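Reader: I would like to go through a structure step by step. Could we begin with how helices pack, and then move on to other topics?

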Amino acid sequence: MSKQLNSFELACNHVLSAVKRLNLNPAVYEILRNPERVLTAAIPVKMDDGSLKVFTGYRVQHCSVLGPFKGGIRFHPDVDMDEVKALALWMTMKCAVLGLPYGGAKGGVTCDPREMSLDELERLSRGYIKAMYPLLGREKDIPAPDVYTNARVMTWMMDEFSGIKGYNEFGVITGKPPVVGGSLGREEATARGCVIAVREAAAALGISLNGATAAVQGYGNVGSIAARLLHEMGCRIIAVSDSSGGIYNPRGLDPVAVLQFKKNTGTVKGYPGSRPINNEELLALNCDILIPAALENQITEQNARNIKARIIGEGANGPTTPGADRILNEKKVFVIPDILANAGGVTVSYFEWVQNNTGYYWSEEEVNRRLEEKMVAAFKEVYQMYKARKDLNMRDCAYLVAVRRLSEAMWLRGWLGKGAEYQDKREAVLA
Ligand SMILES: NC(=O)C1=CN([C@@H]2O[C@H](COP(=O)(O)OP(=O)(O)OC[C@H]3O[C@@H](n4cnc5c(N)ncnc54)[C@H](OP(=O)(O)O)[C@@H]3O)[C@@H](O)[C@H]2O)C=CC1
Ligand SMILES: O=C(O)CCC(=O)C(=O)O
């Protein structure tokens, strides 16, 4: 939906507002609106029928002021340079909000993995690494999964990179299976982080999750696991959807059984005891919690007025347009922005990278405990600013936290030119 909206321009507008609100040196915005490096690559792949197809792959390295680049790789027919740039900018913000020692990056290939065989996907994944090899490395740029890529794709990519290097380089990619250097808890981490943020929001708003109703858009890694975790916390999951459509049952769905049904049939549609609903109907359901966990620009000016949820936890990147944000503000819907709500994934990717670099592997309890700690701290930091600045919403505040951290690093590293004047201004604003 709404691919016409340029997500990168919209993301830049959030950054500009934050730079202005903090009264920062305009150079901060100039740096953040221009990705440090972008690469488009032709990736030739031999298809199973003997033909050759050339795919277009992208890697955008947005800003490395906080550390090496980090961000997932998306395989999807709608991938283009603007989308990858937006996703990379959001990674910079996300890592900054969580206080992770990473810069933001993102990658993608314009393709439809649903129409490709496993062998073709493997050749494409390896081709992507051959093409992007000069940019990547555990101290340079560390990819991870995103839409329509998963632990298996990460393993092929890590294996290809290791083959070129001549030794195992587990730390070049995160989101791998535990047996080849992955972290326990990474697969669940994005959803777990999102549900932690929802839990914190519910507590702040005085909403009990026990018996609360929830709807989830997208039933992949983030959506299906968020539905299960919310269900385990006592929520009634009344609707879920995937790219083929949605299902609704006001008495509640069993998320584990729905996932099994999807594994068997390819879609949630037709799940016994449910009735079909479309995307618009799902977003407009009478429920307490809404989790968009699919693609960008799903909640728009056209449908935001119909939303009845009290809390939106943005599992997806960029699911809400600025026009929709204004309407949701008016309606007092509490939106936990993507750069906070879905940051659990990159947080546990960071833990995976630390484990790869040290060679010592943590228990799942340890991973989840540290994730909990980081998510709660980040939520509190953003929420405290939100409580203090009554004119701003949670997204505005998350950008303030991120841009402030980024600008401080830029200033300290000498990226902004004359420092003293800038610091005086910054101190004045933050005082
Ligand atoms: N994986 C991660 O660690 C992270 C992911 N995210 C974000 O979360 C979102 C989901 O990613 P992830 O779960 O990993 O991806 P997956 O590929 O695992 O799942 C994507 C899901 O979205 C569904 N979908 C696609 N288009 C639509 C649509 N128009 N309406 C409803 N559902 C749709 C897909 O349907 P179908 O199953 O039919 O194909 C699938 O169920 C993305 O925005 C991603 O960037 C953010 C942070 C980290
Ligand atoms: O785990 C990571 O490194 C990045 C995940 C990602 O792509 C995202 O948070 O959008």
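Author: Let us begin with a definition: an angle of 65 to 115 degrees between two axes counts as roughly perpendicular. Please keep in mind that the model is predicted.

Reader: How are H1 and H14 oriented to each other, roughly parallel or roughly perpendicular?

Author: Helix H1, residues 7-21, packs against helix H14, residues 394-413, at an angle of about 70 degrees. H1 and H14 are therefore roughly perpendicular to each other. Their axes lie 9 Å apart, and the crossing is right-handed.

Reader: Which residues make the contact?

Author: H1 contributes His14, Val15, Ser17, Ala18, Val19 and Arg21, while H14 contributes Arg395, Asp396, Tyr399, Leu400 and Val403. By type, six residues of this contact are nonpolar, two are polar and three are charged.

Reader: Tyr399 of H14 was in that list. What does Met93 touch?

Author: Leaving aside residues up to four places away in sequence, Met93 touches Gly104, Ile339, Tyr399 and Ala402. Met93 belongs to helix H3.

Reader: Is Met93 buried or exposed?

Author: Met93 has 29 other C-beta atoms within 10 Å, so it is buried.

Reader: How far apart are Met93 and Gly104 in space?

Author: The C-alpha atoms of Met93 and Gly104 are 7.4 Å apart, and the two residues are 11 apart in sequence.

Reader: Why does Asn23 count as exposed?

Author: Asn23 counts as exposed because it has 12 C-beta neighbours inside 10 Å, and the cut-off for exposed is 12 or fewer.

Reader: And where is Tyr148?

Author: Tyr148 is in the loop between strand S5 (141-145) and helix H5 (151-165). Its phi is also positive, near 60 degrees. Tyr148 is buried, with 22 other C-beta atoms within 10 Å.

Reader: Finally, which residues come nearest to ligand 2?

Author: Of the 14 residues around ligand 2, Gly72, Ala144, Gly345, Val346 and Ser349 come nearest. Strand S3 (69-76), helix H3 (81-98) and helix H12 (344-358) each supply at least two residues of the shell.

Reader: How many residues of that shell are charged?

Author: Three residues of the shell around ligand 2 are charged, with eight polar and three nonpolar.

Terms used: Residues numbered from 1 in each chain as written. Chains lettered and ligands numbered in written order. Predicted model: local features only at pLDDT ≥ 70, side-chain atom pairs only at ≥ 80, totals over all residues. Near = placed C-beta within 6 Å. Helix = DSSP H or I, 4+ residues; strand = E, 2+ residues; numbered from the N terminus. Nonpolar A, V, L, I, M, F, W, Y, C, P; charged D, E, K, R; others polar. Axes fitted to C-alpha atoms, helices over the stretch in contact; angles between N-to-C directions. Parallel < 35°, antiparallel > 145°, perpendicular 65-115°, else oblique. Left-handed = near helix turned anticlockwise from the far one by under 90°. Contact = placed C-beta atoms within 7 Å. Buried ≥ 20, exposed ≤ 12 C-beta atoms within 10 Å, placed from the backbone.
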